[in-house]
Amino acid sequence: MYSQDKTTETDEIPPSPRISRRKWIKRGLLGFATLTTATTLDAFVIEPNRLTVETPELTLPNLPKAFDGYRIALLADIHYPRTLHPNYIKSAVSLATSYNPDVMVFAGDICDQKHSKIVPSLKGLFDSASAKDGVWGTLGNHDHWLDAPAIRKELARSTPIQMIENRAITVERGGQAMAIGGVGDLWCGVVDVPKTFSHTPPDVTRILVSHNPDLAEDLKDPVRVDLQISGHMHGGQIYVPGYGGLLHPSKYGNKFCQGLVKGKAHPVYTTRGLHSTGRVRLNCPPAITIITLRSLA
């Protein structure tokens, strides 16, 4: 009978140094201060100047096959000259044009003065704006608060942007048609959707430009709209994942802050826009939007 001696080796691990409660608090405060500084720097310096491009593809059930791939360049909320530098605006317009859109749309709040009623010169800001089916625009509440008639005159005199309020244009591809119409601002202008599409055949696809996305909820007129495109909300500016935007000039809270949403009347796509009220944005950079329409046919 054999026996075997068993030897057990034990490594002695030195005890971990104890960190005092005071040191834990100091480390926590330092981490919090660092995070706060980084977040503040991003929200007030980096993100408001970080222009992005959103490229959603939106399927419209009755869109003719000839319009599959139709591109809409959507820009909104420029608020010139309140905060945006002219070169920033020129760069944004040139970037939108570089996508070779079929149509370019400016969805309101083009001008804004905080302490003045003088409409600024827009000469040179939008010279690069170009699209196959034209460059169109509507006014927003800030345009009205400044001087809507004078802004319309300045747009006609100094830019390629043509007003499309309470009327529609018809665009054609391959013998098929689509209507693009606009209305006045929901708060300050005249909104007449029946008039806008009064000359549009009932079977033609309809795109509606409205500065304020709330129209997609408020519209009571029995007029079919296949897609509304809007601005006004600035994406909520401070965007909390799982909740939405914190800054939302809408009676429906953050429902229409950004992206595609189904309103009671029809769907609406809201762009985050260019301007940053209070010069702050967080998880919500400014954007131009290049919408590509898709057909089911």
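Is aspartate 133 buried or exposed? At 17% relative accessibility, aspartate 133 counts as buried, where buried means under 20% relative accessible area, exposed over 50% and partly exposed in between, with a 1.4 Å probe and protein chains only.

This is a predicted model, in which local features need pLDDT of at least 70 and side-chain atom pairs count only at pLDDT 80 or more, while totals for chains, interfaces and linings use all residues. Residues are numbered from 1 along each chain as its sequence is written, and side-chain values use heavy atoms, with hydrogens and water left out.

A salt bridge is a side-chain nitrogen of Lys or Arg within 4 Å of a carboxyl oxygen of Asp or Glu, and by this rule there are 12 salt bridges, including these:

| Salt bridge | N to O distance |
|---|---|
| Aspartate 133 and arginine 173 | 2.9 Å |
| Arginine 157 and glutamate 154 | 2.6 Å |
| Glutamate 217 and lysine 255 | 3.0 Å |

Asp133 and Arg173 also belong to a network of salt bridges that links them with Asp102 and Lys132. In the second pair, glutamate 154 is buried at 6% relative accessibility, whereas arginine 157 is exposed, at 60%. In the third, glutamate 217 is buried at 10%, and lysine 255 is partly exposed at 32%.
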